[in-house]
Amino acid sequence: MLDLKQVRQDPQAIATELRRRGFDFDVAAFEQLDARRKQADVQSQGLQAERKIASKKIGELIQGGLAVDAAKQTVNQTLEKISAQLDDLTGQARQVQEELDALMMGLPNLLAADVPAGNDEADNRELSRWGEPRQFDFEILDHVDVGLGLGGLDFETATKLTGSRFVVMRGPVARLHRALVQFMLNLHTGSHGYTEVNVPYIVNADSLRGTGQLPKFEEDLFKLHHDLDYYLIPTAEVPLTNMLRDCIVEAEEMEQGMRFVCHSPCFRSEAGSYGKDTRGMIRQHQFEKVELVQMVKPLQSEQALEELTGHAEAVLQALDLPYRKVILCAGDTSVNAHKTYDLEVWLPAQDTYREISSCSNFGTYQARRMKARWRNPETGKPELLHTLNGSGLAIGRTLVAVLENYQCADGSVQVPAALLPYMGDVSTLSPQ
């Protein structure tokens, strides 16, 4: 959420900034709501002052010769009238405040100055490439055919059990999937300084509002039909980041580093994606990720984004998977993000790079929603911290990349060297 004071100070400047995203900020509607809220405050303060004055008039009336009971009755009538007006005004003010809050909650984050202009992913700017795509001397299979040949991917059974966009994994392929999880967790905790966390896979609406999934992206969520307001998590970002909701972190804790890593399933309805990536594991309703989250001091967040992105890159490099790094353009950057890098892994069957990680700096956007703060030792006062997160990596898409990049002419798949310690004696997945 944006800073109300900043928006109020220069709403036209905010509108200009948000226009970079293609978002039309209705300045007139904002100013009208804000003026109504201010007017309600002024009127309320005036009535409260009248009530104080009226309550002191009993003594004056008695001194003027009015009987005590009559004086009390006169003053009480005045107080009742003022109270009724205050109740009515309070209701109006509450409604106006709710409308103003809803408007503010719906505003996207402001973009970093170096986010390039553009409307969609076609306008994202490539920053670097790592690794050379392998040259095959045989017909390349996609991950679906490779997995079927190994007897390790079963989409038909998953459809019977649940529906489309699910998969059952078996045998060595399931073990390879698990090996990726263990490898990533060990790398991030052992080399990158993250604390491993295990979180609930069900969260309440407050948590989703805190990180910005609600109210805008409710159609992308799986809401549980229950008396409580529960949702399946779309990413571990939600519970991890909300651990600091309504918290003030002391400076000493910030110095120690607020870095968390979590492996979890993710559940997404994929609303609006019908017809896209229907084959295989690229876009599923249930998948797994190893998520990286950092909470840092405001002056550290730009550098923290570079480091976090580097931690995700380290996974791809260790697995020897070619990839490229892009900075998302204004129109393709999530409404919650201040700046985002995407890492795109090479998929030989598609002859292109596909997203495998998004790493974002959110500035104070999420922290303001969550009231997540740290205590500045120089002032002794709480200040909003900055939040960042990124996939380190998406497990299913990493499995896809391994199956395609490490496939052999006979249908087998070589296990990347970095994963051998997690695969026992298995160095090759053989067709069944």
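**Close-up views of a predicted model**

**View 1. Thr162 in its loop.** Thr162 sits in the loop that runs between α7 (155-161) and β3 (168-169), where helices (H or I, at least four residues) and strands (E, at least two) are DSSP runs, numbered from the N terminus. With a relative accessibility of 55%, Thr162 counts as exposed; here buried means under 20% relative accessible area, exposed over 50%, and partly exposed in between, with a 1.4 Å probe and protein chains only. The C-alpha atoms of Thr162 and Asp41 are 54 Å from each other, and the two residues are 121 residues apart along the chain. This is a predicted model, in which local features need pLDDT of at least 70 and side-chain atom pairs count only at pLDDT 80 or more, while totals for chains, interfaces and linings use all residues. Residues are numbered from 1 along each chain as its sequence is written, and side-chain values use heavy atoms, with hydrogens and water left out.

View 2. Eight strands, in the order β1-β11-β12-β13-β16-β10-β9-β4, form an open sheet with mixed pairing, two strands being paired if DSSP finds at least two bridges between them. Because β1 (125-130) and β4 (195-196) stand at the edges with a single partner strand each, one side of each is left without a neighbour in the sheet. Within the sheet, β13 (residues 352-361) and β16 (residues 386-394) pair in the antiparallel sense over three bridges, and the bridge partner of Cys359 in β16 is Gly390.

**View 3. The salt bridge between Asp114 and Lys339.** Asp114 and Lys339 form a salt bridge whose closest N and O atoms are 2.6 Å apart, a salt bridge being a side-chain nitrogen of Lys or Arg within 4 Å of a carboxyl oxygen of Asp or Glu. Asp114 lies in the loop between α5 (68-105) and β1, whereas Lys339 belongs to strand β12, so the pair ties together parts that are 225 residues apart in sequence. Asp114 is partly exposed, with a relative accessible area of 38%, while Lys339, at 10% relative accessibility, counts as buried.

**View 4. Further salt bridges.** Arg129 and Glu126 form a salt bridge in which the closest N and O atoms are 2.8 Å apart; Arg129 is exposed at 54% relative accessible area, and Glu126 is partly exposed at 33%. In another salt bridge the side chains of Arg283 and Asp277 meet at 3.2 Å, N to O, and both of these residues are buried.
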